[in-house]
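The sequence and the model come first.

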Amino acid sequence: FGDVNMTIILYLLLSFVNKDFNWIINKWESKEYIIMSLYALFLSFYFEVHALYTGRWTYSSAMPLFPNTNIGLMPVIQLLILFPVTFVISKLILNKFIKASI
């Protein structure tokens with residue numbers, strides 16, 4: 001549920017930046033990828049630090065850590081991959097439906 005909400009907020013943020021709610025079906029510029037990456041880094045760091053500080057979870061010794069931090073590397077990588085993949089799959093599905101309706 002949390003990842004879905006973060007993805008919706010990112011979509012709305014990119015809609016605002018592009019001044020186009022249908023930005024996802026157009027050719028993407030580097031700014032989309034930069035915003036996705038910065039957003040993913042910010043959210044993953046925020047939620048990991050908050051969860052570690054409040055004791056919501058801990059890492060096993062097998063968890064690789066982000067360099068020079070106590071933040072798990074895998075949750076950061078997860079969001080860095082999750083957002084672009086979600087939007088690419090959505091773009092492919094939307095473009096397929098657009099072509100089918102023509």
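Tyr 46 has a relative accessible area of 43% and is therefore partly exposed, a class that lies between buried (under 20% relative accessible area) and exposed (over 50%), computed with a 1.4 Å probe on protein chains only. Phe 42 reaches 56% relative accessibility and so counts as exposed. Both residues lie in helix α2 (residues 30–54), four residues apart, about one turn of the helix. Helices here are DSSP runs of H or I with at least four residues, and strands are runs of E with at least two, numbered from the N terminus.

The model is predicted, so local features need pLDDT of at least 70 and side-chain atom pairs count only at pLDDT 80 or more, while totals for chains, interfaces and linings use all residues. Residues are numbered from 1 along each chain as its sequence is written, and side-chain values use heavy atoms, with hydrogens and water left out.

**Aromatic pairs**

Rings of Phe, Tyr and Trp (its six-membered ring) pair if their centres lie within 6.5 Å; planes under 30 degrees apart count as stacked, over 60 as edge-to-face and the rest as tilted. By this rule the count comes to ten aromatic pairs. One of them is the stacked pair of Phe 42 and Tyr 46, at 6.4 Å centre to centre with 15° between the planes.

Phe 45, at 23% relative accessibility, is partly exposed. Phe 45 pairs edge-to-face with Phe 66, at 4.9 Å centre to centre and 85° between the planes. This pair links distant parts of the chain, 21 residues apart: Phe 45 is in helix α2, and Phe 66 is in the loop between α2 and α3 (73–101). Phe 66 is also partly exposed, with a relative accessible area of 26%.

**Helices α2 and α3**

The expected span of a helix is 1.5 Å times one less than its number of residues. The two helices below agree with it or come close to it.

| Helix | Residues | Expected span | End-to-end C-alpha distance |
|---|---|---|---|
| α2 | 25 residues | 36 Å | 36 Å |

In α2, the buried residues are Glu 32, Met 36, Tyr 39, Ala 40, Leu 43, Ser 44, Glu 48 and Ala 51. What covers them includes α1 and α3. Just after α2, Gly 55 takes a positive phi of about 75°. In α3, Pro 75, Val 76, Leu 79, Phe 83, Phe 87 and Lys 91 are buried, and their cover includes α1 (2–18) and α2.

**The nonpolar core**

A nonpolar core is a set of buried Ala, Val, Leu, Ile, Met, Phe, Trp, Tyr and Cys residues joined through side-chain atoms within 4.5 Å. The largest one has 14 residues, and those with the most contacts inside it are Leu 10, Trp 23, Met 36, Phe 83 and Phe 87. The elements that give two or more residues to this core are α1, α2 and α3.

Leu 10 is found in helix α1 and is buried, with a relative accessible area of 0%. Which residues is Leu 10 in contact with, leaving aside its neighbours within four places in sequence? They are Ile 35, Met 36, Tyr 39, Phe 83 and Phe 87, where contact means heavy atoms within 4.5 Å. The C-alpha atoms of Leu 10 and Ile 35 are separated by 8.6 Å, and the two residues are 25 residues apart along the chain. With neighbours within four places again left aside, Met 36 is in contact with Leu 10, Leu 14, Trp 23, Trp 28, Phe 83, Pro 84 and Phe 87.
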